[in-house]
Amino acid sequence: DTAGMVPSTAAAAEATAAGSAPPPVPGMDRELREMRNAIVHLDGSPEMTGNLAGLLAADLPNLTQQATEFILECVEELPVKTPVYVALVGLLNTRGSQKFVGDFVDSLFERLELRLASSTTDDQLRAKLLVRYITMLPSVFVLKASVVIDTLDSLLCCASDAADVAKSAQKGGSDFAWQPRGDFLVKCALAATPWCGASLVSSTEPGTSDGFDNLFLSTQEYLGKRAKNGPDPASGTFKSATSASVGAGAGDVSLLADDWLEEIFGRVNETRRAGRENPNAWQTAGVPALIGLFDEFSTANEDEAMTTNGESRAQNYHTPPPVKVPDVEAASIECAASAMATFPARPRLRILSQKMTEGLWEAGDWGPLERFVAEEYIADTLAAFEPGFRRGAVIPAAEQLGTLPLPGDHPERCQFLVAETLFGEMLSLPRSPHEPVFYHVVVQDLCSQIPTFPKMMAKVVGQMFTQIARMDYEARDRLANWMAHHLSCFDLAWPWRSWEHVKDQESDHPQLVFCKSVVAKLLRSCFQKRVFDSLPENLQKVLMPDYAALSSTNGESPGLNGAWLEKVTKNGTFEKDGEPIDTLRKLGELLKLKTPAGDVSKWFAETGALAELGPETCASLLTTAVLRHGQKCITHHDVLLTRYKAALLGLIGTDGGAVGDVTHETPGSERERSQSVGSEIVGAAVSIWANTHPRMAVAAVSRLLNLGVVLPKHVATWIETSCFDDTASAIHGADTNTSANARVSLGWGSPDAFEIATLAVETCAARAKRLVGVLDNAVSGLRKIEKEIARLEGCAEDANQRDLLSQRDAFADQARELGGKCVEQKERVARESGPAAESENIARTAAAAIGKALCVGILTLKGRQGELLKEAAVKLKSVAASGKEAGKDAAGETDAFRGLSFALAFLRKFRRVGGKALEAALVDAVRSSSDTDGFGDVTHLLGEAVCGPGGLEAASAAEAMME
């Protein structure tokens, strides 16, 4: 039942398997390829699983290593089919393949330790899936329940020990650097219990029941050591509300904790309590009871069960070495900022009433685990089928979501749950697990494939809109981006009439600002007249920007920022031989003639404009002239910037280069000149488009960054010197109805300014990611070669001991040949290491520079703006209102509120990139601000955005640097 999103487990397994396999390994022979395909496409039915187990049992003596790799690959990449591969290994264990299963279990635990040692998001997901798989093995009598309990206890003890070590060191706020990974390890343990709880509580092995209960006591002990609301208070899409329930149909008391990890524990612990009286409490629709599906696993007393060969089941248990939870790379948890970025909080959105998504856990209804298991499947499926995740997905993620094994008794609940989970991931802070546009496409596909889904999706969006004042400002911007994209793909259809009340709201009301933001973003991809006509008549003038409304009715051109053109014309006029020279007009004439960049540079020198006006003003004039002349279209705009790149670089005093290239750096006074001229170019590119064309300011700065004309440090200087002055901050940055002539520049607090700051760092971070990826590929290739050499040398030694001299020589020759390739590969790794490290340092420096500029700009606000900033900080720190006070009757939001919100969004967004450098920059900005009296709440929020609950005190490296 695709429309209801509630097919059977077997159907889900079959749909998940079809087309989801990684591409075959080149050179893989036919027999291996057939084995791999059979394992990948296993549907979980007893008949097919039994047949495959019989076929594999006959081939395993010769293909043990390959079969192990294939099964582990499927366990890590096909999350919904975990029970299927548990059953497969269990059947092999009963059919004479105990040696293979023993080797497989050893490899399984080795792989888990390898994944736990990694700090990448992909390996974190794989580690969670491996733990889930291990915990199900007692249900098929491969592992004893005590082994599983010991494994889960190892994860919990590692997390708890890290907390004890950190607290005993008495490092103050820096203690919280341990918590993100600790939370991850506890999550791995708790997240596995829905898959293993039934088998563990029913186990007859002595001590199992007490051991299982002790796991929950250990978890409670850990929760008492960690910071409340998690290590990252800034990760909530919605602020905590004053009432217990703010969803539609409020009135039911929410049973959910406000913290994501405590919620997981609460669900599992509630099920454990219920399970003491009712063993079926652990049953969920998404986790099949394998004991009931396969006759081989149907006994209740595993020690008395007999295998098909007549041997005691107890003889078939395997005892792997105890799990040793390894330390992760020190750089990933060297500071709170890096740790929170490396181990992010679990995405979580609870905007609908609990009755709508899972019920109230009443008898005969869904239990506490149903929603959690469904969310795990949804998140894991999105990760497995997101394009670029380890492979190219053949089947779209939306089709996979439509076949998940969700409960079939409440299809509407399932669709509400899917919609809320998707938006929870898309809007999660500081970053969504995948690119936001991926979620855009998934929602669009679900709306196209399931007729009833659009209604459920719109209900979630509508509920978020009614609580918009509780919503994080960056999350609102992300939601507006999604909505604009979604409407552009569905003929601009949206029930705007249900939001018509915004026409009577003040210009700074959060609901009205959000609606204007959606329309402004929609104008990037749709003709203005179409957007204008799609709106209800009484919303057309309210939501459409002034220039768009004019252009929709009488075709007038929106023009440029007249205030800026007037200012720059005045600044660029000087006298020569008693005659005034209008530099901007002269440059326009030169550009019309397509004068080469070199001749423009000569004109500046020969006319005396450079000497009279200075390089800063000349750079501003040339940038303005180029963008004004290229306003016809984006292509014309880019062509002109490229044509006059050399002239701009000449004024800066550099030869240019890639973004962040060290050749861009110049010493002494030349560096100061480069800094000021570069920031003037950024300022001109922004100001000429300020509050006119949607996003053209962002496009202009983006092109300048990609051309290497300006660097992130120039953007940082522009932010600090221009974004917070009176001419920029006097007008609402998000108020697109404000006339362009009313402002000279773009103030911080506008989405465009935030996007420019983000873009400057993302450009460097993307380059660093690419170069690091090249290095990782080189290192991976080296490891494969070294592993193959070790294998060949082992084969040669084995042949030598058996006096097979010809084979020994053949293996030795192959090893020597690979030895030469190994040397070449090592040289490649050495070549790639330098650029990768340098690019990471450049990105780190960019994040720190812009982060510091933002903090300095905010902390130096005075007068009325300073008072508004303090009020904004109090509002952001306090518990949010709910009901109508968070929607229709919400208070207006000032420029200071928007500016502070976007600054916090930037700081938390680039924790991973900035790391210690960003922490140090934050401390330096606070200490360099001469007068911060009364700004305690502001500095607290800034510190929390970077370092978590430890705030500024958590920046241990920065503290040491300052001392």
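These legends go with a set of close-up views of one predicted model.

The model is predicted, with local features needing pLDDT of at least 70, side-chain atom pairs counting only at pLDDT 80 or more, and totals for chains, interfaces and linings using all residues. Residues are numbered from 1 along each chain as its sequence is written, and side-chain values use heavy atoms, with hydrogens and water left out.

**View A. A hairpin built from strand 1 and strand 2.**
Strand 1 (residues 573–576) runs antiparallel to strand 2 (residues 579–582), and four bridges hold the pairing. Strands here are DSSP runs of E with at least two residues, helices are runs of H or I with at least four, and both are numbered from the N terminus. Two strands count as paired if DSSP finds at least two bridges between them. Look for Phe-574 opposite Ile-581, and for Glu-575 with Pro-580 as its bridge partner. Two residues separate the strands, and Asp-577 in the turn has a positive phi of about 55°.

**View B. The largest nonpolar core, and another one apart from it.**
This core has 159 residues, and the ones with the most contacts inside it are Tyr-133, Leu-422, Phe-423, Phe-453, Met-464 and Trp-496. Apart from it lies another core, of 111 residues, with Leu-651, Phe-754, Ile-756 and Phe-897 among them. A nonpolar core means buried Ala, Val, Leu, Ile, Met, Phe, Trp, Tyr and Cys residues joined through side-chain atoms within 4.5 Å. Buried is under 20% relative accessible area, exposed is over 50%, and partly exposed is in between (1.4 Å probe, protein chains only). In soluble globular proteins, nonpolar side chains tend to be buried together.

**View C. Trp-496 and its surroundings.**
Skip the neighbours within four places in sequence, and Trp-496 is in contact (heavy atoms within 4.5 Å) with Met-483, Leu-487, Cys-515, Val-518, Val-519, Ser-534, Leu-535, Pro-536, Leu-539 and Leu-543. Trp-496 also belongs to a cluster linked by ring pairs, together with Phe-465, Trp-494, Trp-499 and Phe-514.

Rings of Phe, Tyr and Trp (its six-membered ring) pair if their centres lie within 6.5 Å; planes under 30 degrees apart are stacked, over 60 edge-to-face, and the rest tilted. Phe-184 and Phe-343 have ring centres 5.5 Å apart and planes at 35°, so this pair is tilted. Phe-184 is in helix 8 (residues 179–201), while Phe-343 is in the loop between helix 12 (336–342) and helix 13 (354–357), 159 residues apart. Both Phe-184 and Phe-343 are buried. The other pair is Tyr-473 with Phe-902, edge-to-face at 5.1 Å centre to centre with 80° between the planes. Tyr-473 lies in helix 19 (residues 473–489) and Phe-902 in helix 38 (residues 895–909), so the pair ties together parts that are 429 residues apart in sequence. Tyr-473 and Phe-902 are buried too.

**View E. Charges over rings at Phe-216 and Phe-897.**
The charged end of Arg-272 sits over the ring of Phe-216, 4.5 Å from its centre. Lys-875 lies over the face of Phe-897, at 4.9 Å from the ring centre. To qualify, NZ of Lys or CZ of Arg has to be within 6 Å of the ring centre and within 35 degrees of the ring normal.

**View F. Helix 33, largely enclosed by the rest of the structure.**
Helix 33 (residues 712–722) has eleven residues, and eight of them are buried. They are Pro-712, Lys-713, His-714, Val-715, Ala-716, Thr-717, Trp-718 and Ile-719.

Most residues other than glycine have a negative phi, and most peptide bonds are trans. Lys-594 is exposed, with a relative accessible area of 59%.
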